[in-house]
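Take a look at the structure below. This report walks through a ligand site and then visits several single residues.

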Amino acid sequence: MNKIVIGNLKMNLQSIEERERYLKEFSKELIGKKFQNTEIVLCLPFVHLEGFKKWKNKKVIRGALNVFWEDKGSFTGEISPLMLKNFGCQYVVVGHSERRKYAREEDSDVNLKIIAALRNGIKPILCVGENAGQKARGLNIILEQLKNCLSEVSGGKIENIIICYEPVWAISSNNPDHLPTTNEIMSAGLIIKKFLVGKYGVKISEKVKIIYGGSVSVATVKQACVESGMDGALIGRESLTPREFLKIGEIINQ
Ligand code: PEP
């Protein structure tokens, strides 16, 4: 499959009942839908991973929203990549701006998480992107984050990473002025590609999916993800409504 659509459920679904309602609605909305070219991934909070694993829907791939960089041991409160794997996860989000902001994660932490995830066969979804104050040097910020977060990641592993350009200022916005233009997203995509080609060569880089995240909806997906040549989307707010999320998936799948 050459496209991917990923739901970031963030800190939502407050109870088992809420999760079950959500997954039931998701199953209902999936009926009759085919995604020949697109992987559909949902990343859920840790507490829902066991229930998520029991939800046997073959059309959806499971993912988590954070991971620690050690496999086991005395790391109170942390969750290892091995645990994620054993709970059925194939993907994990790393480097998200909300973790950078609220948990003070640095590129060096993200790098350790990526290496640990890859070591355990989990595919990292690496978020990079500038915040509002960094807008003028956005492309440099992306390059710096890529350089730091992908340090020591070999060419043999890079195809298992999804890179998401997610400008922090565009997340969960209702304001169309707070969305990057198609050209801006294309430029970010190109700079990411250029970095990958420089580090890993053309052949390997072609296998890496580069996606866009930040206020993707049915109304914005064409401009943000299709016309900009992205390989898919990371979706926050709209992933809470299965019908909208899957409509976005269908547009990307076309
Ligand atoms: C996100 O925070 O990863 C995200 C994509 O959010 P939203 O779609 O709500 O902008």
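## The ligand and its cavity

The space that the ligand takes up is the largest cavity. A cavity is found on a 1 Å grid over the protein atoms alone: it is a set of points where a 1.4 Å probe fits but cannot get out. A molecule sits in a cavity if more than half of its atoms lie within 2 Å of the grid points.

This is a predicted model, so local features need pLDDT of at least 70 and side-chain atom pairs count only at pLDDT 80 or more, while totals for chains, interfaces and linings use all residues. Residues are numbered from 1 along each chain as its sequence is written, and side-chain values use heavy atoms, with hydrogens and water left out.

## The shell around the ligand

Which residues come nearest to the ligand? There are 13 residues around it, and Lys10, Glu166, Ser172, Ser215 and Gly236 come nearest. A residue counts as near if one of its heavy atoms lies within 4 Å of the molecule. The shell is made up of three nonpolar, six polar and four charged residues. In this grouping, Ala, Val, Leu, Ile, Met, Phe, Trp, Tyr, Cys and Pro are nonpolar, Asp, Glu, Lys and Arg are charged, and the others, Gly among them, are polar.

Side chains reach oxygen atoms of the ligand. For Lys10, a side-chain N or O atom is 2.6 Å from a ligand oxygen. For Glu166, the distance is 2.8 Å. For His96, it is 2.9 Å. Taken alone, the ligand exposes 290 Å², and the protein buries 99% of that. Such areas come from the Shrake-Rupley method with a 1.4 Å probe; for residues, only the protein chains shown count as cover.

## Two loop residues with positive phi

Leu13 is in the loop between β1 (3–8) and α1 (16–30). Helices and strands here are DSSP runs numbered from the N terminus: helices are H or I with at least four residues, and strands are E with at least two. Leu13 is not a glycine, yet its phi is positive, near 70°. Is Leu13 buried or exposed? Leu13 counts as buried because its relative accessible area is 8%. The cut-offs are under 20% for buried, over 50% for exposed, and in between for partly exposed (1.4 Å probe, protein chains only).

Ser172 also belongs to a loop, the one between β6 (162–165) and α8 (182–200). Its phi is positive too, about 45°, although Ser172 is not a glycine. Ser172 has 40% relative accessibility, so it counts as partly exposed. Recall that Ser172 is among the residues that come nearest to the ligand.

## Buried residues in helices

Asp107 lies in helix α5 (residues 107–119). Its relative accessible area is 12%, so Asp107 is buried. What does the side chain of Asp107 contact? It makes a polar contact with the side chain of Asn148, at 2.9 Å. A polar contact is a pair of N or O atoms within 3.5 Å; within protein, one must be able to donate a hydrogen and the other to accept it, and residues adjacent in sequence count only if both atoms are side-chain atoms.

Leu246 is part of helix α11 (residues 242–253). Leu246 is buried because its relative accessible area is 0%. Leu246 and Phe35 are 211 residues apart along the chain, and their C-alpha atoms are separated by 9.7 Å.

## Partly exposed residues

Leu139 sits in helix α6 (residues 138–149). It counts as partly exposed because its relative accessibility is 36%. Leu139 and His96 are 43 residues apart in sequence, and 17 Å apart in space, C-alpha to C-alpha.

Gln223 is found in helix α10 (residues 221–226). With a relative accessible area of 28%, Gln223 is partly exposed. Lys59 belongs to the loop between α2 (49–54) and β3 (60–64). Lys59 has 39% relative accessibility, so it is partly exposed. The C-alpha atoms of Lys59 and Ala188 are separated by 30 Å.

Terms used
On a 1 Å grid over the protein atoms alone, a cavity is a set of points where a 1.4 Å probe fits but cannot get out, and a pocket is an open set with protein on both sides within 12 Å along at least five of seven lines; lining residues have an atom within 4 Å of a point.
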